[in-house]
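Please look over the model shown here.

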Amino acid sequence: MVETAILVPLVILITFGLIEFSSAYQSSSTAASTVRSAARTASAEAKLPNFATDAAAAAATALQTIPSNEPLELWVYNANASGHPMPVGNTSFSTCLTQCIKYAWLPAQKKFDTANPTGSGWDYLTMQACNATQWDSVGVYLKLRHRYITNLFGATIDLADHAVFRLEPAPTQLCG
């Protein structure tokens with residue numbers, strides 16, 4: 001009886017810990033694949049006006065497997081020339097100031113609000129993707145708020161990930 005009283009709470013804690021960890025890991029994994037998908041899309045659409053909205057649409061498609069209330073925001077930005085994965089002029093992902101487009105998540109529609117972006121924008125005409133000596137890189141940052149199932153380890157945890165891809169060479173007709 002004493003052994004059971006000691007072991008049952010421990011087994012329950014381990015079981016729920018595994019459930020919570022695996023759920024959070026699934027959300028983190030989804031975030032990582034989402035930013036790669038969105039960055040690939042934006043990279044392939046260098047010098048096209050819809051590069052950022054298409055990246056947000058690719059991200060929304062990739063996020064369909066997680067609860068609709070988890071995603072918070074998505075940034076599409078010009079990564080620093082030094083190879084630093086932050087938007088130009090930033091040292092952290094706290095503000096989207098220069099050459100950065102920020103989209104809020106619309107949980108009811110399970111998509112990003114591409115009609116009302118914030119940030120300073122990134123003019124597609126200024127992208128360095130045409131025989132450049134210094135190619136621009138596009139970055140995508142995603143922030144999620146994972147909600148724990150049991151609240152045994154807290155109510156939520158913020159998860160974030162980002163990916164940076166060099167812009168692919170733009171077609172000749174866009175480089176004139």
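What follows is a short report on selected features of this predicted model.

## Disulfide pattern

The structure holds two disulfides. Each is a covalent bond between the sulfur atoms of two cysteines. Counting bonded cysteines along the chain, the pattern is 1-2, 3-4.

## The C96–C100 link

C96 bonds to C100, with 2.0 Å between the sulfur atoms. The torsion about the S-S bond is -110°, and the link is left-handed.

Are the two cysteines buried or exposed? C96 has a relative accessible area of 12%, so it falls under the 20% cut-off and is buried. C100 is buried as well, at 0% relative accessibility.

## The C130–C175 link

The other disulfide joins C130 and C175, and here the sulfur atoms are 1.9 Å apart. This link is also left-handed, with -75° about the S-S bond. Which parts of the chain does the pair tie together? C130 sits in the loop between strand 4 (118–121) and strand 5 (137–147). C175 belongs to the segment after strand 6 (156–166). The pair therefore ties together parts that are 45 residues apart in sequence.

Both cysteines are partly exposed: C130 has a relative accessibility of 23%, and C175 has 28%. The values lie between the cut-offs of 20% and 50%, which is why neither residue counts as buried or exposed.

## Helix 2

Helix 2 covers residues 51–62, which makes 12 residues.

The buried residues of helix 2 are F51, A52, A55, A56, A58, A59 and A60.

How many of its nine residues are buried? The count is eight, so strand 1 is largely enclosed by the rest of the structure.

Strand 1 pairs with strand 5 in the antiparallel sense, over eight bridges. In this pairing, A79 stands opposite S137 of strand 5. Strand 1 also pairs with strand 2, again antiparallel, over five bridges. There, V76 stands opposite I101 of strand 2. As background, side chains in a regular strand alternate between the two faces of the sheet.

## Two residues of helix 1

T34 lies in helix 1. Its relative accessibility is 0%, so T34 counts as buried. Which residues does T34 contact, leaving aside neighbours within four places in sequence? They are A59, A62, L63 and L142. A59 is itself one of the buried residues of helix 2.

S23 is placed in helix 1 too. The side chain of S23 makes a polar contact with the side chain of H146, at 3.5 Å. Not counting residues up to four places away in sequence, S23 touches H146 and I149.

Technical notes: Residues numbered from 1 in each chain as written. Predicted model: local features only at pLDDT ≥ 70, side-chain atom pairs only at ≥ 80, totals over all residues. Heavy atoms only, no water. Disulfide = S-S within 2.5 Å. Buried < 20%, exposed > 50% of the residue type's maximum accessible area, 1.4 Å probe, protein only. Helix = DSSP H or I, 4+ residues; strand = E, 2+ residues; numbered from the N terminus. Expected span 1.5 Å × (residues − 1). Pairing = 2+ DSSP bridges. Contact = heavy atoms within 4.5 Å. Polar contact = N/O pair within 3.5 Å; in protein donor to acceptor, adjacent residues only side chain to side chain.
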